Amino acid sequence: MEPLQVGLMFWTGGVLGSDATPGEIAESVASLGVTCGQLGVHGAAELTSAAAERWRTALDHRGIEVVTAFLSFEGESYASIPICAQTVGYVPPGTRRERELRTYAVSDFARSLGIPGVAAHIGCLPEDPSDPEHKAVLELVRRVCDHCARNGQTFALETGQEPAAALLEFLRAVNRPNLGVNFDPANMILYGSGDPMEALRTLGGHVLTVHCKDGTWPEAAGAWGRETPLGDGDVGMRRYVRTLREIGYTGPLVIEREIVGEEQRADIRRAIDLLNSIRA
Ligand code: MG
């Protein structure tokens with residue numbers, strides 16, 4: 001793969017995917033001229049060896065290299081920031097154990113496809129490190145890192161819910177060499193968590209993979225910002241790519257557009273052209 005190659009985040013199905021077969025999904029990705037990306041594994045996706053075989057065949061046939069298996073879980077909702085805090089990732093105690101086991105299953109599924117990284121939104125963690133919920137999630141992330149390490153994989157935390165300094169502190173506290181972040185500049189803006197370029201410099205060498213997504217700042221504290229097509233929001237794609245080069249990032253530029261249908265496809269085409277013109 002070339003440095004900063006343009007890639008795409010695509011899904012096995014679920015709210016951001018389609019009910020198409022792996023073959024049809026891989027064909028749809030390849031028809032955009034994209035040959036790398038991240039596979040979002042939705043909460044109910046089948047993880048059997050037969051399912052893995054269908055994905056392997058589909059991805060190989062279209063020559064698509066997947067760098068990350070991205071988890072989402074059943075029951076998660078991003079309807080508002082408070083609902084996100086109650087439902088997303090490993091933070092809700094009632095689903096913590098089943099989601100941990102699901103993470104191991106996705107890691108094993110990814111290994112069978114030769115995918116070198118696993119990533120997830122871990123959720124809105126209580127900031128105080130002495131909070132028992134904070135400790136429980138930290139211990140869980142250690143176990144997940146160790147499971148991924150046995151599979152020869154990294155584990156990446158999606159950025160956005162917290163300021164970069166807090167995330168950096170958490171990475172240091174977990175203290176696992178295969179742990180890093182999947183940096184999403186738009187999330188920093190959408191959650192109002194701080195300037196994305198400063199955050200990127202702060203996280204520097206911990207950045208394993210990145211999303212190329214755009215958005216505008218929230219109009220009120222505690223509200224969501226608005227996701228936009230790439231180039232129309234407040235990230236600034238030129239300065240984003242320049243900052244990625246500054247920190248020595250050489251992985252793919254993975255386009256993420258969190259809507260579905262024809263509009264998503266049209267926005268992705270524009271995003272591919274924009275990123276290719278910037279990196280040229
Ligand atoms: Mg993202």
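Start by selecting R226: leaving aside neighbours within four places in sequence, R226 is in contact (heavy atoms within 4.5 Å) with L190, D214, G215 and T216. You're looking at a predicted model, in which local features need pLDDT of at least 70, side-chain atom pairs count only at pLDDT 80 or more, and totals for chains, interfaces and linings use all residues. Residues are numbered from 1 along each chain as its sequence is written, and side-chain values use heavy atoms, with hydrogens and water left out.

R226 sits in strand β9; strands (E, at least two residues) and helices (H or I, at least four) are DSSP runs, numbered from the N terminus. Is R226 buried or exposed? Its relative accessibility is 53%, so R226 counts as exposed; the cut-offs are under 20% relative accessible area for buried, over 50% for exposed, and partly exposed in between (1.4 Å probe, protein chains only).

**The metal**

Next, click on the magnesium ion. Its donors are E158 (OE), D184 (OD), H211 (ND1) and E256 (OE), at 2.0 to 2.2 Å. Donors here are N, O and S atoms within 2.8 Å of the metal (3.2 Å for Na, K and Ca), and water is not among the atoms, so sites may look incomplete. Along the sequence the spacing reads E-x25-D-x26-H-x44-E. E158 belongs to strand β5 (residues 154-158) and H211 to strand β7 (residues 207-212), so this pair ties together parts 53 residues apart in sequence. Both E158 and H211 are buried.

**The core**

From H211, hop to Y240. Y240 touches H211, along with F183, P185, M197, L200, V210, C212 and V235, not counting residues up to four places away in sequence. In the largest nonpolar core, which has 77 residues, Y240 and F155 touch the most other members. Such a core is a set of buried Ala, Val, Leu, Ile, Met, Phe, Trp, Tyr and Cys residues joined through side-chain atoms within 4.5 Å. Colour helix α5 (residues 132-150) too: with seven residues, α5 gives the most to this core.

**Pockets and a cavity**

On a 1 Å grid over the protein atoms alone, a pocket is an open set of points with protein on both sides within 12 Å along at least five of seven lines; a cavity is a set where a 1.4 Å probe fits but cannot get out; lining residues have an atom within 4 Å of a point. Points are joined across faces, edges and corners, and a volume is the space filled by probe spheres set on them.

Which residues lie nearest the centre of the largest pocket? Select V15, L16, Y78, H121 and E258, from a lining of 31 residues. The volume of the largest pocket is about 700 Å³. Elements that each supply at least two lining residues are β1 (6-11), β3 (65-71), α7 (185-190) and β9 (226-228).

The second largest pocket comes to about 410 Å³. Of its 22 lining residues, L16, G17, S18, S28 and Q264 are closest to the centre.

Last stop: the largest cavity, of about 40 Å³. Its lining includes C212, D214, T228, E256 and D267, and α10 gives the most to it, with three residues.
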